[in-house]
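Please look through the sequence and the structure below before reading the numbered points. They are written for someone who is new to reading models of this kind.

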Amino acid sequence: MNTDLTRASAAELAEGLASKSISSVEVTQAYLDRIAAVDGQVHAYLHVDAEGALTTARAVDARRAAGERLATLAGVPIAVKDVMTTRGLPTTCGSRMLEGWVPPYDATVVRHLKDAGMPILGKTNMDEFAMGSSTEHSAYGPSRNPWDLERIPGGSGGGSSAAVASFQAPLATGTDTGGSIRQPAAVTGTVGTKPTYGGVSRYGLVALASSLDQAGPCARTVLDTALLHEVMGGHDPLDSTSIDAPVPPVVDAARRADVTGLRIGVVKELGGEGYQPGVRERFEESVALLVEQGAEVVEVSCPSFDYALAAYYLILPSEASSNLAKFDAMRYGMRVLPEGVDAPTAEQVMAATRDAGFGPEVKRRIILGTYALSSGYYDAYYGSAQKVRSLIAQDFERAYEKVDVLLSPTAPTTAFKLGDKLDDPMAMYLNDIATIPANLAGVPGMSIPSGLAEEDGLPTGIQILAPAMKDERLYSVGAALEQALLERWGAPILSKAPDLAAGLVKGA
Ligand code: GLN
C-alpha cells in the first residue's frame, strides 16, 4: 500500500487497519498534519477537531487490539460538511446566523459515522445554507480548488471536495439539493454521489429544500464512495421520507465494475451548445470507452429537462423561504438588536437579525420564494413549477424504459476563477443545468472524473444517472469507466493535480 497515508485510498486504509499494519492514530495524525500544512492555502475546513478525532482513533485502535469485530471503515477518518449537526462541534452551515452554535445532537448520518468508528477530522466549508456553486457565498470566505488556488472548488460542498482533492481527508460527506455533491466532484477531479431521495436520512441536516435535499458520499475513487455510501445510508424512523429498504448493493457493484450488455442513454438536452469544448471531448471519449467495455449506447431525448433550471429556481426558493423562517432571533442562532430603538418589537429584532445574519444570496432566495408562494402568484409560479417537475419525472421514466442508465457531462465548464460569477446569479445557477433534473425527480446520480480538458488542463466530470433505488448501477458504470480511464491516462486523474505542499500551485 501507499506509504504516504494521505495518498492511500479509504479501501487501502481499511485493509491496513484490519490487518493491523497501520493504526487509526497514525492515519488520523497524518491527515491532521496535512491539514496543518496545506489548509491555510485551501480553506477546506471551517473547524478542525484534532482532539476529538484522535480520541476516536485511540478508542478504535484499542477495540481492534482487543479483538473486537469492527465496521469496514472503522478507524478511517472523515470530514463532515458543516450543514450536518455534530454534537459538541460547531455547526454554522456557512452562515453568520449560526456562528458559535454547538448542536446538542448528531445528525443520523453523523451517528452512522460514529457508530462505524470513523474519526471526524472537522467540518467543511460551504456556501451559506448550501446555496451556491462555488463556496463564495460562505460567510467565512471561499475554499479554493487544489488544482489552481485562484479557482473555485465547486459548491455548495466545495469544502468537502477541496478537502478530499487536496488529500486533507480520504472521505467527506456532502448534501446535494441541485448538484452540490456532483458539481464540486466534477471540478476537483473527485467522485461524489447523490443517492436516491430518501436513501440517506435527512434528520439533523440544516434543511435547504426538503423535497430536494439528499446527503451523500464524497471520495477519490468509486469504491471508496460506495464504502461510505453504505455507512451513510439506510432507513431512519426520524426522517419521514426515509426509504424503508436496505441500502442498494453499491459496494458489490463497485467491485464488479461490469457494464457488459448495459444500455446507456446519452441525454440529448444535456450537452452541445453552452458546454466547454474540452468538457464535451472528455465526455465523448468516456462514452466511447464504455462502448469498448461492452455497453450499448443510444441517444435519448428528455425534452422537459430544458425547463428544469427554471422550475428548480422556483421550487427551491419557495421551500427555502419556509425552512429559513425558523431563524427568527427568538429560538436559537444569532440575535441582533436594532440600533437606536429603546424597546424594539419582536419584528424589529427579527429584521435586524436577518439583515445582519443572512448574506445576499440567501436574502435573494427568501424574497424570490416568498413572492412565488404569495397568494396572487402561487399558481402562476410555484404551481407551474410543480407541473414541470412531474413532466421531468415522466421524461426519466420513459427514458428508463429504453436504457439502464443515463449519461451527461456533470458541469458545463471546468472550475472558473473566484469572483468570475459572483455578481451574476444566473451565470452561477447555470452550473447546475445538468445536475438539477435528478433532484427534481428524486433519482440517484454520480459524478466521476472523465479526464482533463485540453484547453485548460483542469478536471472534467461525467454524470451517471440511474432509476430510483437502483443506485448500484451508478457504481458498476462508474467503476468500469474509472478503470478504463486509468489505462487511458496511465494514473488516477487526481494524481496529476499539482502538489500543494511543494508550493507549485499558481497563486500559492
Ligand atoms: N448550486 C445549487 C443551488 O445553488 C445547488 C445547491 C445544492 O445542491 N445544495 O441551489
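1. Strands β10 and β11 run antiparallel and are joined by seven bridges, where helices (H or I, at least four residues) and strands (E, at least two) are DSSP runs numbered from the N terminus, and two strands pair if DSSP finds at least two bridges between them. Within this pairing, Gly 445 has Leu 465 of β11 as its bridge partner. The hairpin of β10 and β11 has six residues between the strands, and in this hairpin Gly 457 takes a positive phi near 70°.

2. This is a predicted model, in which local features need pLDDT of at least 70 and side-chain atom pairs count only at pLDDT 80 or more, while totals for chains, interfaces and linings use all residues. Residues are numbered from 1 along each chain as its sequence is written, and side-chain values use heavy atoms, with hydrogens and water left out.

3. Strand β11 also pairs with strand β9 (residues 405-409), in the antiparallel sense and over four bridges, and here Pro 409 has Ile 462 of β11 as its bridge partner. Seven of the seven residues of β11 (residues 459-465) are buried, where buried means under 20% relative accessible area, exposed over 50% and partly exposed in between (1.4 Å probe, protein chains only). Pro 459, Gly 461, Gln 463 and Leu 465 point one way from the strand, whereas Thr 460, Ile 462 and Ile 464 point the other way, and all are buried.

4. How many disulfides does a search of the whole structure find? The search finds zero, a disulfide being a pair of cysteine sulfur atoms within 2.5 Å. For Cys 93, the closest cysteine sulfur is in Cys 218, and because 15 Å lies between the two sulfurs, they are too far apart for a bond. Cys 93 counts as buried, at 1% relative accessibility, and Cys 302 is buried with a relative accessible area of 0%.

5. The largest pocket is lined by 29 residues, of which Arg 220, Thr 221, Glu 482, Leu 486 and Pro 492 lie nearest its centre. A pocket is here an open set of points, on a 1 Å grid over the protein atoms alone, where a 1.4 Å probe fits, with protein on both sides within 12 Å along at least five of seven lines, and lining residues have an atom within 4 Å of a point. The largest share of the lining, five residues, comes from α16, and β10 (445-452) is one of the elements that each supply at least two residues.
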